[in-house]
Amino acid sequence: MIKTQPQHNFQYKSSKYLNGTFDSCYTMKDFMNNINKMAKEWEKQEGYDPDKFKGDAFEFFIELLLMLHPNDSRVGIYNYAPNNRAIDNGVDGLAKNFKGEEAAIQIKYRTRTDKALSSNENNLANLVSSAMTDFDITMDKEDHKNYRHFIFTTAGGLHWYTDNEVFKKRVKCFSLKELKKLVDNNKPFWDNCREIIQQITDKRNAN
């Protein structure tokens, strides 16, 4: 069953900030500029950790991206559900891969878009360990292209050593470059995001 309602806790934030993150967005650059700006405003007015705001906003964005691309082979996962527990050990959400198997997702917002993520510096190994211990999700040792672990990031992808030696090329990473291919100047996508957010806002105001 295709999900039509986002579940990430970010949607329960102030409507001003929720709407502002997607205001006049048509590219990843627009979106990142918005959340960087909104994070500063939120910190000033609400005392909210700006890095936490950016991370939450990006996780909400990825949920919308996956929700609006359920049959896209370029993405390869569907039925995404965020991990809304107060503490996560490396898995930000769960989904199904195109074989119908459980998949674990980690989401990393980074302002530096040119720097690659490394296992040690960015705690990426927690994705694999938590997926196994908390959710019984392991890598496919027979088919290395059958991904069960995914990373979405605004950084420059995975460091070659992390990709090749730590993960043995069994973790699929969507860097900013890949995300731009999916959403830049994709007007229907951004319009659908704003429509979903407006529905959330209208429903809240009606209560």
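## Helix H5 and its buried face

In this predicted model, helix H5 spans residues 125-135, and its buried residues are Leu127, Ser130 and Ala131. Viewed down the axis of H5, these buried residues fall within an arc of 105 degrees, so they line one face of the helix.

What do the buried residues of H5 pack against? Their partners are two strands, E3 (102-108) and E4 (149-153). The residue that follows H5 is Asp136, and its phi is positive, near 65 degrees.

## Lys40 in helix H2

Helix H2 covers residues 28-46, and Lys40 lies within it. Is Lys40 buried or exposed? Lys40 has a relative accessible area of 63%, and because a value over 50% counts as exposed, it is classed as exposed.

Lys40 may also be placed relative to Ile77, which is 37 residues apart from it along the chain. The C-alpha atoms of Lys40 and Ile77 are separated by 33 Å.

Side chains of opposite charge can pair when their charged atoms come close. How many salt bridges does the model contain? The count comes to 12.

One of the salt bridges joins Lys187 and Asp191, whose closest N and O atoms are 2.6 Å apart. Both residues belong to helix H8 (residues 187-206), where they are 4 residues apart, about one turn of the helix. Lys187 is partly exposed, at 46% relative accessibility, and Asp191 is also partly exposed, with a relative accessible area of 26%.

## Salt bridges between residues 163 and 169

Two further pairs involve Asp163, Glu165, Lys168 and Lys169. In one, the side chains of Lys169 and Asp163 meet in a salt bridge with an N to O distance of 3.6 Å. In the other, Glu165 and Lys168 are joined through their side chains, with 3.7 Å from N to O.

Lys169 has a relative accessible area of 41% and is partly exposed. Glu165, at 38%, is partly exposed, and Lys168, at 43%, is likewise partly exposed.

## A salt-bridge network

Which residues are linked with Asp140 in a network of salt bridges? They are Glu101 and Arg148, so that the network, as defined by a side-chain nitrogen within 4 Å of a carboxyl oxygen, includes Glu101, Asp140 and Arg148.

Technical notes:
Residues numbered from 1 in each chain as written. Predicted model: local features only at pLDDT ≥ 70, side-chain atom pairs only at ≥ 80, totals over all residues. Heavy atoms only, no water. Buried < 20%, exposed > 50% of the residue type's maximum accessible area, 1.4 Å probe, protein only. Arc of directions from axis to C-beta. Contact = heavy atoms within 4.5 Å.
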